[in-house]
Amino acid sequence: CHVHRMDPTSPQDVPRSAPWAQGNRHDDRVESGRVGSEDLVTARLWLRRPTPVDVDLIHTVHSDSRSCVHNPADMPTSHAEAEDRYHRWDEHWQHPGVGYWIVHGGGRGLGFCGLKVMTLNDRGVLNLFYRLDPSAWGHGVATEAATAVVDWADVHRPDVPLVARIRPANVASQRIAVH
């Protein structure tokens, strides 16, 4: 599945009762200068490079069987495994200079979205990845985060094809990828 440029979901489409939509504070981070050079800010979300404090979120989201139903091999068996995952993500940011972002909304981490350099059919590609806490599902968060990441790739890695490898049964993920 090749990923095309996506349109973000408008904030009006999001029910304000969504748990993650309450009190979005990403503008505070912009105004205070806490947004880093690799950070992405959308109408509702703040995406930032992971830090060691995110190991708990990595463990929580990946340990939820609902978030890994289409790829159960991604479920960590221990907190140490989540910490190892964080280190691999950090190394990927260091080289080749892309990676996964932590997706924030409503003042809390909602999950992850980003890019991994890989080889597919003997060609280097950027694989789009997104995994969110189930409480954020169905509100356009993944689409908005993926749009920001695809836009980043269009600017910073325009020469590398962007793909989303999605299992056939993962219909929700397919809808996000084709927006």
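Here is a short tour, from the whole chain down to a few side chains.

Before you click, note that this is a predicted model, where local features need pLDDT of at least 70, side-chain atom pairs count only at pLDDT 80 or more, and totals for chains, interfaces and linings use all residues. Residues are numbered from 1 along each chain as its sequence is written, and side-chain values use heavy atoms, with hydrogens and water left out.

**Stop 1: the whole protein.** Helices here are DSSP runs of H or I with at least four residues, strands are runs of E with at least two, and both are numbered from the N terminus. Trace the chain from the N terminus and the elements go α-β-β-α-α-β-β-β-α-β-α. Of the 179 residues, 47% are buried; buried means under 20% relative accessible area, exposed means over 50%, and partly exposed is in between (1.4 Å probe, protein chains only).

**Stop 2: the largest core.** Now select L47, V103, C113, L115, L128, Y130 and V149, the residues with the most contacts inside the largest nonpolar core, which has 28 residues. Such a core is a set of buried Ala, Val, Leu, Ile, Met, Phe, Trp, Tyr and Cys residues joined through side-chain atoms within 4.5 Å. Colour β3 (100-105), β4 (108-120), β5 (123-132), α4 (141-156) and α5 (171-178) to see the elements that give two or more residues to this core. Which of them gives the most? That would be α4, with nine residues.

**Stop 3: another core.** Next, pick V55, L57, W89 and F129, which are among the eleven residues of another core, lying apart from the largest one.

**Stop 4: helix α5.** Go to α5 and show S173, I176 and A177, which are buried. Look down the helix axis: the buried residues fall within an arc of 95 degrees, so they line one face of the helix. That arc is taken from the directions from the helix axis to the C-beta atoms. Their cover includes β5 and α4.

**Stop 5: H79.** Finish in helix α3 (residues 79-94), where H79 is found. H79 is partly exposed, at 36% relative accessible area. Beyond its neighbours within four places in sequence, H79 is in contact (heavy atoms within 4.5 Å) with V55, D56 and H59. Draw a distance between the C-alpha atoms of H79 and D56 and you get 7.6 Å, though these residues are 23 apart along the chain.
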